[in-house]
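Here's a quick tour of a protein model, written for someone who likes cut-offs spelled out. Have a look at the fold before reading on.

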Amino acid sequence: MQTITITRTQNPKEKPQGDKLPFGVYTTDHMFLMDYTEGQGWHDARIVPYAPFQIDPSCMVLHYAQEIFEGMKAYYGVDGKVRLFRPSENFKRMNFSAERLVIPAVDVDFCVEAVKTLVDVDRDWIPTAPNTSLYIRPFVFATDNHIGVHASHSYLFAIILSPVGPYYPTGLDPVKIMIEQEDVRAVRGGTGFTKCGGNYAASLRAGDRAEKKGYSQVLWLDGVEQKYIEEVGSMNVLFKINGEVVTPALLGSILPGITRKSCLELLRSWGVPAIERRISVDELIACAKDGSLEEAFGSGTAAVVSPIGELIYGEDEYVIGNGGIGELTQKLYDNLTGIQWGRIPDPFGWTVVVE
Ligand SMILES: *Cc1c(COP(=O)(O)O)cnc(C)c1O
């Protein structure tokens with residue numbers, strides 16, 4: 001394994017005060033960097049003071065968006081230990097994204113080590129107030145300076161950290177979701193299953209339109225027939241229908257969320273049927289109408305789970321359950337956050353302590 005050199009900052013930044021941390025605004029004192037050069041592989045793993053990059057105007061990433069990222073968190077536990085949640089899963093997924101975007105793979109164990117080392121260097125930045133955490137953003141981008149469409153020969157891998165409060169300032173309050181009938185996020189054969197920057201650029205217009213109408217996110221339909229449910233905003237989506245939990249199957253256009261996977265594993269461990277299959281919007285609306293749609297929620301690292309209180313489809317609005325937080329949604333939230341903050345035992349061995 002490579003060694004990681006550490007250069008500590010001479011000018012530590014002021015840390016944000018109070019327990020009302022906005023999401024993704026502050027960054028810490030250090031970052032992790034590593035270069036890729038064709039023929040040499042990944043090299044020069046280093047932790048350095050956080051600082052802007054210098055980028056040539058012809059840098060390929062600015063033109064052709066050859067970029068991938070990950071999102072994870074470090075949690076300051078009730079016992080004073082700092083935990084990561086399934087970090088290897090993030091770097092395994094990063095390698096799936098990398099393969100699709102023709103970016104060189106990373107060493108999963110080494111990247112987990114890099115995260116642990118960086119979080120330890122910036123340990124004082126981990127917020128301790130309830131529901132706060134240190135958001136971890138690894139990313140890789142093409143660095144060749146060349147105008148011309150082909151894969152880059154050089155890349156930069158970086159990890160930055162951001163102390164954050166809850167993703168939704170209102171916490172676990174139910175949100176209103178608009179079913180998007182115009183734009184699509186991804187198609188099979190495309191990049192929907194990867195965390196690449198371009199996917200999010202393509203999703204902004206629908207998100208903007210939904211917000212202007214007073215809804216927090218859009219529910220995406222498939223890119224071919226606009227008939228099957230895919231995801232909600234940048235979260236996976238799960239529904240409780242007639243006592244069973246169903247979620248769209250991973251058929252290539254959906255991001256394989258680690259929170260989604262953890263929800264399914266928890267549910268199955270409780271004996272709740274958790275099924276991955278295609279769900280059409282017509283089926284969903286029929287279930288919303290006849291009351292068999294008992295709960296609906298998004299899942300993702302940023303918000304953990306986010307209850308959906310209301311669905312809007314065309315001109316029609318459907319309240320889900322009693323419009324509040326479903327019982328199972330709440331139980332998943334309590335168990336996931338319980339494991340993450342060390343409030344309850346971790347029977348699955350999902351957490352990794354940063355020593
Ligand atoms: C990151 C992401 C998710 C959630 O993944 P987690 O691993 O649970 O954080 C879901 N959908 C999209 C589009 C995402 O980018």
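## Overall picture

What share of the contacts in the protein chain with a separation of 6 or more comes from residues 24 or more positions apart? The figure is 71%, where a contact means heavy atoms within 4.5 Å. Before going further: this is a predicted model, so local features need pLDDT of at least 70, side-chain atom pairs count only at pLDDT 80 or more, and totals for chains, interfaces and linings use all residues. Residues are numbered from 1 along each chain as its sequence is written, and side-chain values use heavy atoms, with hydrogens and water left out.

The protein chain holds 7 helices and 18 strands; these are DSSP runs numbered from the N terminus, with helices being H or I of at least four residues and strands being E of at least two. As for size, the C-alpha atoms fill a box of roughly 60 × 50 × 35 Å along the principal axes.

## Surface and charge

Of the 355 residues, 54% are buried. Here buried means under 20% relative accessible area, exposed means over 50%, and partly exposed is in between (1.4 Å probe, protein chains only). The accessible surface comes to about 15800 Å², and carbon and sulfur atoms own 50% of that; the areas are from the Shrake-Rupley method with a 1.4 Å probe, and for residues only the protein chains shown count as cover.

On charges, the chain carries 33 positive and 45 negative ones, and their mean positions sit 2 Å apart. Lys and Arg count as positive, Asp and Glu as negative, while His and the chain ends are not counted. Each charge is placed at NZ of Lys, CZ of Arg, CG of Asp or CD of Glu.

## Strand β13 and its partners

Strand β13 (residues 244-248) is largely enclosed by the rest of the structure, because 4 of its 5 residues are buried. On one pairing, β12 (residues 236-241) runs antiparallel to β13, with 3 bridges joining them; two strands pair if DSSP finds at least two bridges between them. F239 has V246 as its bridge partner in β13. The two strands make a hairpin with 2 residues between them, and N242 in the turn shows a positive phi of about 50°.

β13 also pairs with β14 (residues 274-277), this time in the parallel sense over 4 bridges. There, V245 has A274 as its bridge partner.

## Loop spots with positive phi

Most residues other than glycine have a negative phi. A65, in the loop between α1 (60-64) and β4 (67-69), has a positive phi near 60°. At 39% relative accessibility, A65 counts as partly exposed.

R86 also has a positive phi, about 50°, without being a glycine. R86 sits in the loop between β6 (82-85) and α2 (87-100), and counts as buried at 9% relative accessibility.

N95 lies in helix α2 and is buried at 18% relative accessibility. Beyond residues up to four places away in sequence, N95 touches A105, V106 and V108.

S58 is in the loop between β3 (41-49) and α1, and its relative accessible area of 16% makes it buried. Leaving aside neighbours within four places in sequence, the contacts of S58 are H63, D144, N145, H146 and I147. The C-alpha atoms of S58 and V272, 214 residues apart along the chain, are separated by 53 Å.
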